[in-house]
Structures are given as C-alpha cells and as structure tokens.
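Here are a few exercises to work through with the model open. Try each one yourself before you read the solution.

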Amino acid sequence: MPMSPDYRDRLFPILPEVAAHFGTPFHIYDETGIRETGTRLRRLFARLGGFQEYYAVKALPNPRILQIMQELGFGFDCSSVAELLLARQVGARGEALMFTSNNTSAEDFHTALADGGSLLNLDDISLVPKVPRMPETICFRYNPGPRRSGNSIIGNPVEAKYGVAHHQLIDAYRAAMARGARRFGLHTMLASNERNHLYMVQTVEMLLEVARWIGAELGIRFDFINMGGGLGIAYHPDEAPFDLEAMADGILRQLDAFGADQGYVPRLFMESGRYMTGPHGVLVVRAINRKEIYRTYIGVDASMSALMRPGMYGAYHHIEVPGKSADLPVETVDVVGSLCENNDKFALQRPLPPIDEGDLLVIQDTGAHGHAMGFNYNGKLRPKELLLRADGRVELIRRAETVEDYFATLQFEAQTLLP
Ligand SMILES: *Cc1c(COP(=O)(O)O)cnc(C)c1O
C-alpha cells in the first residue's frame, strides 16, 4: 500500500489550507509515521542489546528529519563529505556515524576522521594504506560477486563497483590489523527496494558465514555485522508490503545459531533509508495545464527535478486527487512536468479521476530518494520541504530553490591561465 490511510486522513483535510499558505509544489513528510516505523524497527530487535539502525542520510538529507532519527536513537550512514557534515550538524559523532564511501578520496578520509571521527567502512583493499591513520575499529564492505544475485536497481554484484571481493577479504583484514585495527565490522549492501524479507535474512546468513570463516582464519571476533539497507516498500497498491516482523524473526534465528556455534554474537547494524521515510512523504503539486493531443497530458507545477524516480527507473508512484473520488469515471492521462525531456513524467497512461486546472495532486512515497535526487538540468529548481509535525503544526524545513541559487556558482573572481 502506498501512503498510509492514517497519514491520508490527517493530511487531505488540511491540504488546501497548507497549499494556499506555503504555495505548491512541496514535499510534505509525516513525523508521526516516521516515528512509528522507527519505533517498530527498534522494538523488533530490542532483545539484541546492541542493535543499531544507521539512517541512510542520502534518502532524505534534511536536518529536521535527521533530528527525529536521532531522537529515535539512530545513527547515520553517510557516503559523502556533505552527508557527514550534515549528520554532525545535528550532533552525531564517532560511532553514531558510519562512513560508507566508494572511490574514496583523501578529502573523504580527512573529514571522516576529523571532529570525533566516524566508523570507517572501507570499500577496497587498496584503501588500507591510504587511510591517514588506522582507527581502532575498521569495517569492510563485502561484495560476494557470483555468490549472490542482486536486484534491478543495484544490479548484479559481479558488475557492481562496490566492495571487497571474496578472495581479497582475508588480506584486507590482515592488512588493517597490521596497521593497528583491533575491532572489526563486516558490511554489505546488495539490493535496493527489495520487498522479499527472505533476501535480507539470507544477507545476514551470508555475513555470518563470512564472519565465521574470517574469524577462524585470523583468530578475530567481529564487533558488528552491517546488513546495509535496501528494505523495500510497496509503491503500487497491488504490491505486498515488506514483512518486517518475519525478517526480524529470521535474522534473530541466524544470530542465535551463530552464538551457539561461535560463543558470541556480533552486534547487528542496519542502514535502512527508504523503509524508514519513503512512505511517509508525498509530493503535492497543482495541475496548471491540460493538453489534448494524441494523448491527454496533465501539466503540473513541478518537474522531475522534484522527483527523479519515474524518469530514471520507470518507477511507479501512486497519485491521488484529493476531493475527487476514485469512484468517478476515470480518464487515462500522462502527468507531466515542464522539463524539456520526454521522460519528465510523473505517471504514464494512468487512470485518474478527471482533473481540472487548479486541482491538487498527491504523488506518493516521495519520503526517500525523492527531493534528494533532484537536479537542476534545464534550470529547473527543487521545491520546498514541509513537515507535518506530531503536534499538528506544519513546519517549513527547507525553502524552495531560487534562480539566485541557480546562478550562485556564476559569481566568482575572474581568473585566466596562459599555459
Ligand atoms: C543507499 C544506501 C543505503 C540505503 O538504501 P535504502 O534502499 O534507502 O534502504 C544504505 N547503505 C548504503 C551503503 C547505501 O549506499
């Protein structure tokens, strides 16, 4: 199911007033829903003591959202300098930060180790000598290659640029130990938007097998395993939701078995982004044009700069027109933005109630990898972000981009070089 009935019941009645006050388009996120999902996740793994969710900052890099994650007791998975700085802005330090970069630069390392540091998750064996100073705790990202199949968004592990190959793992940990590492983590991230909970259980099983093998080879214990993110959500009303309870059950069983044969249990880390916030955000747009040519086009006041997923992945995002019952006779339309690319479409050949100019459309499940993925091609600007707070207030948490922002990089000191 896309947007929850509870969020819909709270949002739709106030939407005209919110739209009139703040102006469209905007993403609006649901604090109540985010807190409920976070609490549910925490409760499922409560008996594990050291369970830690590191919210994947790239899914929704807004400090106000990160603050809520922090109040839930979560850390942050960062993959860039900017994400580290953002997470530190809300006060996260040290082991509350997991730094999972790839093709890591010297600047990445510098920022990751500065200001209280972070947990370093190395993406390649060649990076071991490049870490300016080896922290006491080190983690490697594992790429199982042909041992596992990925899924369509992340792709086949054999072709994925991420992680340390199976045959390099022992040497990678050994090299880190030689440089002074004393505590160890093992990470992987293989799938994206995967709705089969068994895939995640198998990922944990795989990590534990690798931990057994490396543990025996090198005589080390693993402080933690990090199963990554990738838990899927149902974008389409016909899709089955992810079974979080069944996943937790399966994982707990794997960890119990590991404890029984190894005499200890590593901490479990997770880096879920989409699952935590995806369903708790919607993009609200207004219909501004209706065009009848070979097809009917509903032109709205946002473009793919606000939401890339349909254009980039052909992703389905459910759309509702508040105030217009889904029982009305539908018409089949394309819902489009104004960017000069024909994939700037929020919906293709979608049956929707008849839409008039001025109607509000609610494009759903934009709470992760939505606003964050936007870009400025064609001078299209990203919209504002709002938060429907638990106390019922609506708070502006990011202003819309302006043309001044777009032109900001054109202000610089003149310089030339005659080589
Ligand atoms: C993107 C990413 C995540 C989050 O993925 P979701 O699909 O949003 O759960 C977690 N870990 C890493 C390393 C990532 O790159």
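**Exercise 1.** How many salt bridges does the rule find across the interface of domain 1 and domain 2?

*Solution.* Bear in mind that you're looking at a predicted model. Start with the bounds: domain 1 covers 32–276 and domain 2 covers 278–402. Next, look at where they meet: 24 residues of domain 1 are in contact with 21 residues of domain 2. Across this interface, the rule finds one salt bridge. As for salt-bridge partners, E395 pairs with R64, with the closest N and O atoms 3.1 Å apart.

**Exercise 2.** Work out how much area the two domains bury between them, and who contributes on the domain 1 side.

*Solution.* The total comes to about 1800 Å², with 58% of it on carbon and sulfur atoms. In domain 1, the residues that lose the most area to domain 2 are R64, Y235 and R274, together 32% of what that side buries.

**Exercise 3.** Why is strand β2 largely enclosed by the rest of the structure?

*Solution.* Go along residues 52–56: five of the five are buried, so β2 is largely enclosed. Now sort them by direction: Q52, Y54 and A56 point one way, while E53 and Y55 point the other way.

**Exercise 4.** Which strands does β2 pair with?

*Solution.* Take β10 (residues 267–270): two bridges join it to β2, running parallel, and Q52 sits opposite F269. Then take β3 (residues 75–78): three bridges join it to β2, again parallel, with G75 as the bridge partner of Y54.

How values were computed. Residues numbered from 1 in each chain as written. Predicted model: local features only at pLDDT ≥ 70, side-chain atom pairs only at ≥ 80, totals over all residues. Heavy atoms only, no water. Buried < 20%, exposed > 50% of the residue type's maximum accessible area, 1.4 Å probe, protein only. Helix = DSSP H or I, 4+ residues; strand = E, 2+ residues; numbered from the N terminus. Pairing = 2+ DSSP bridges. Domains from an automatic or database assignment. Contact = heavy atoms within 4.5 Å. Buried area = accessible area lost by both parts, 1.4 Å probe. Salt bridge = Lys/Arg side-chain N within 4 Å of Asp/Glu carboxyl O.
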